[in-house]
Amino acid sequence: MKSFIKYDRHDEEWDLCLNDKDKKRKAESWMMDGTLDKWRHERMLKLLKPFLRDKSCKWLTIGDGRCGTDANYILRKGCEVHATDISDKLLRIGSEKGFIKSYGAENAENLSFDDNSYDYVLIKEAFHHLPRPWLGLYEAFRVC
């Protein structure tokens, strides 16, 4: 029996964020200051402060499809960052609005970057979405 891994569930979810009225309103709030959601994520991201002191470091975010919110935090701290997700639909919106600068669609289990391309890789809330998380972790270590 052939095994099939479905990678595009988030792609379908991001379509809803673009086309469903209620989900679109929620998605637009991800880039707003002063929301409970923003506070919750910033609370988690504050743990990165010691690593963000060196502004010359290059960062990669994996599973950052919510318009690049994790990359935006790192960017606001003055570091270079490239946001990725299995789908670039919402990352494109984040880029068009100036929320992030650099982004791309990437499968975390098979990243297109060379070995040692980044100083840090952040996978904040996406690891449990990976069909084969150990491959994603290997790839994070490989490019870092």
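The report below covers the core, some loop residues and a charged patch.

This is a predicted model, where local features need pLDDT of at least 70, side-chain atom pairs count only at pLDDT 80 or more, and totals for chains, interfaces and linings use all residues. Residues are numbered from 1 along each chain as its sequence is written, and side-chain values use heavy atoms, without hydrogens and water.

**Core**

The largest nonpolar core has 21 residues. Such a core is a set of buried Ala, Val, Leu, Ile, Met, Phe, Trp, Tyr and Cys residues joined through side-chain atoms within 4.5 Å. Buried means under 20% relative accessible area, exposed over 50%, and partly exposed in between (1.4 Å probe, protein chains only). Leu48, Leu52, Trp59 and Ile74 touch the most other members. Two or more residues come from each of α4 (69–76), β2 (80–85) and α5 (89–96). The top contributor is α4, with three residues. Helices (H or I, at least four residues) and strands (E, at least two) are DSSP runs, numbered from the N terminus.

In α5, Lys89, Leu90, Leu91 and Gly94 are buried. Just after α5, glycine 98 takes a positive phi of about 75 degrees.

**Loop residues**

Most residues other than glycine have a negative phi.

Is aspartate 64 buried or exposed? Aspartate 64 is buried, with a relative accessible area of 1%. Aspartate 64 and cysteine 144 are 80 residues apart in sequence, and their C-alpha atoms are 17 Å apart in space.

**Surface charge**

Which residues form a positive surface patch? Lys46, Lys49, Arg53, Lys55 and Lys77 do. Patch residues have over 30% relative accessible area and no salt bridge, and like charges are joined within 9 Å. Areas come from the Shrake-Rupley method with a 1.4 Å probe. A salt bridge puts a side-chain nitrogen of Lys or Arg within 4 Å of a carboxyl oxygen of Asp or Glu. Lys and Arg count as positive, and their charges are placed at NZ of Lys and CZ of Arg.

Arginine 53 sits in the loop between α3 (36–45) and β1 (58–61). Arginine 53 is exposed, with a relative accessible area of 65%.

Terms used
Patch = residues over 30% accessible without salt bridge, like charges linked within 9 Å, V, L, I, M, F, W, Y side chains within 5 Å.
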